[in-house]
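Please open the structure in a viewer and keep the selection tool at hand.

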Amino acid sequence: MIHEVDDVEDLFENAPCGYVSAGSDGRITRANATFSAWLGRDRSELVGHRFQDLLNIAGKIYYETHFAPLMRMQGFFNEVALDLLRADGTTLPVLVNAVERRDEQGALRFIRITIFNASDRRRYERELLEARRTAEKTNAELLELNRTLEERIGEAVEARMKSEAALHQAQKMEAVGQLTGGIAHDFNNMLAVIVSALNLIERRLNRGEDVSQFIAAAKDGATRAASLIQRLLTFSRQQTLSPEPLDANQMVAEMSELLQRTLGEIVRLETVLAGGLWRVQADKNLLENAILNLAINARDAMPEGGRLTIETTNCHLDEAYAAEHATEPGQYVMVAVTDTGTGMTPDVMAKAFDPFFTTKGPGKGTGLGLSQVFGFVKQSGGHIKIYSEPGHGTSIKIYLPRLSGAVEAPKPSRAKKLASGSGSEVVLLVEDDEQLLALTAQMLRDLGYGVIEARGGAEALAALSKHPEIRLLFTNVVTPDMNGRRLAEEAQKRRPDLKLLFTTGYTRDAVVHNGVLDPGANLLQKPASVEQLAAKVRAVLDG
């Protein structure tokens with residue numbers, strides 16, 4: 001028991017804070033050793049004095065006017081910052097807590113005052129204040145510096161923007177020059193074939209000689225010109241798409257024989273087809289052409305032979321990858337074409353999708369294959385990526401968005417013979433180009449159809465009223481007085497059973513939106529061969 005009392009006494013005397021007890025009259029009755037040491041006074045000097053007598057002048061006034069009344073009203077106060085006077089005349093900054101202790105009858109027994117040394121806190125406050133003043137001064141200096149720098153930065157940014165604009169313009173003109181140069185080269189060759197063939201036809205006909213080979217040459221030149229236009233439209237993402245639900249595994253399997261014949265004997269074809277592959281919504285013909293283009297490029301990169309692998313798999317492009325490669329995150333079906341060929345350097349990879357860019361020799365490539373694949377994939381909402389290393393081959397991966405929901409399997413197409421009509425099947429042909437109107441009308445008549453010609457919407461509606469035997473409206477999308485969509489709507493109001501077929505040489509029009517044909521619309525892209533015309537007209541009439 002004596003030991004415990006000693007411990008308590010030691011705790012009171014040597015606590016890290018000052019303890020003072022004052023009687024009901026406010027005079028000190030006891031102070032611990034810590035407090036006495038802080039003030040440099042003997043405890044006998046402290047007993048009998050009031051606590052406020054130990055404060056400096058300002059503290060005494062503040063204590064009498066604020067804290068003594070607060071003590072009387074609520075019986076305590078906390079965390080009061082005051083300055084005590086030491087014996088040597090210096091001040092000690094302190095934080096003071098005070099509380100009354102009363103007996104069971106409510107009579108005041110004593111006041112307990114606890115004092116904490118606030119020297120460090122005051123120093124921190126001074127340092128903080130000094131730091132704040134320094135920061136404010138520095139901030140003012142920075143503001144002044146920024147004010148003067150803004151003008152210089154603005155001038156520098158403006159100069160850089162002008163330089164970047166000039167560089168962008170130069171790059172654009174270089175790209176336009178490459179594009180127009182490639183178009184001019186190929187078109188001039190094709191036109192030379194057509195013009196030469198027509199000149200020879202004219203001369204041979206005058207002499208009564210056979211002209212079939214020259215007709216064939218002219219047709220071939222015109223067909224290649226039309227194909228070039230379609231490739232350019234595909235690259236610029238303006239090709240008309242006819243998307244349908246596709247099973248990429250089935251499509252690759254069906255193409256295997258064609259691909260093997262195309263690759264030749266020295267290239268081994270392998271397919272790695274994923275189980276449970278998702279369906280995609282894409283234009284089958286264009287996807288087949290894309291894979292064929294990639295396979296041909298791969299073959300040319302393996303002149304000594306090698307292995308070509310076509311792989312399919314389900315995959316997910318996360319938001320980080322999508323943001324880095326400017327595509328949409330989500331679920332995709334990947335079709336990869338990988339070869340063991342010569343590979344590409346980084347410079348070649350950077351230009352691989354540019355139109356008319358090719359590393360092949362003269363006459364061995366148009367430079368439109370990869371650009372056509374790129375345009376088709378982007379127009380289909382997909383993504384394409386090249387992975388290549390010189391001497392280690394190339395892998396080109398096509399990502400097409402997954403088709404969600406249940407879909408019916410596409411029906412296999414069957415080849416049809418040249419379809420013809422009968423004289424009772426009358427076509428109302430609307431075209432504002434006189435030569436094209438005459439030629440198309442003649443092809444339809446050669447196919448056995450009756451034809452009524454119109455050069456615009458108003459003329460077509462008048463003909464429709466006069467000829468109830470008309471079964472099909474075959475109209476250009478762009479006509480002088482009204483577009484083909486409006487003409488078709490007005491015609492079907494008058495004749496709900498009327499069949500409709502549109503034709504156009506441009507894809508951004510009234511029946512094609514975002515490069516995709518409107519549901520239910522029938523379109524024949526210009527220019528069309530007689531076989532294409534026959535098949536389309538017959539399909540629309542029979543449908």
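This is a predicted model: local features need pLDDT of at least 70, side-chain atom pairs count only at pLDDT 80 or more; totals for chains, interfaces and linings use all residues.

In which sense, left-handed or right-handed, does α7 pass α8? The crossing of α7 with α8 is right-handed.

**First stop: the helix pair**

Two packed helices are described by the angle between their axes and the distance between the axes. Here, helix α7 spans residues 248-263 and helix α8 spans residues 284-300; their axes come within 11 Å and cross at roughly 35°. To display the contact, select M251, V252, E254, M255, L259, T262 and L263 on the α7 side.

**Second stop: the aromatic rings**

Six aromatic pairs are found in a search of the whole structure. Begin with Y63 and F67, whose ring centres are 6.4 Å apart and whose planes make an angle of 55°, a tilted arrangement. Both residues belong to helix α4 (residues 57-74) and are separated by four residues, about one turn of the helix. Y63 and F67 are both buried.

F67 is in helix α4 whereas F77 is in strand β3 (residues 76-85), so the pair ties together parts that are 10 residues apart in sequence. F67 counts as buried because its relative accessibility is 11%, and F77 counts as buried because its value is 2%. Now extend the selection to F51 and Y62: together with Y63, F67 and F77, these residues form one aromatic cluster.

Select K397 and Y387. The charged end of K397 sits over the Y387 ring, at 4.9 Å from the ring centre.

**Last stop: two backbone angles**

Most residues other than glycine have a negative phi. Which value does phi take at E79? It is near 55°, a positive value in a residue other than glycine. E79 can be found in strand β3, the strand that also holds F77.

Finally, select A326, where phi is likewise positive and near 55°. A326 lies in the loop between α9 (319-324) and β10 (330-339). Is this residue buried or exposed? A326 counts as exposed because its relative accessibility is 68%.

Note on methods: Residues are numbered from 1 along each chain as its sequence is written. Side-chain values use heavy atoms; hydrogens and water are left out. Rings of Phe, Tyr and Trp (its six-membered ring) pair if their centres lie within 6.5 Å; planes under 30 degrees apart count as stacked, over 60 as edge-to-face and the rest as tilted. Helices (H or I, at least four residues) and strands (E, at least two) are DSSP runs, numbered from the N terminus. Buried means under 20% relative accessible area, exposed over 50%, partly exposed in between (1.4 Å probe, protein chains only). A charge sits over a ring if NZ of Lys or CZ of Arg is within 6 Å of the ring centre and within 35 degrees of the ring normal. Axes are lines fitted to C-alpha atoms, for helices over the stretch in contact, and angles run from 0 to 180 degrees between N-to-C directions. A crossing is left-handed if the near helix is turned anticlockwise from the far one by less than a right angle, and right-handed if clockwise. Contact means heavy atoms within 4.5 Å.
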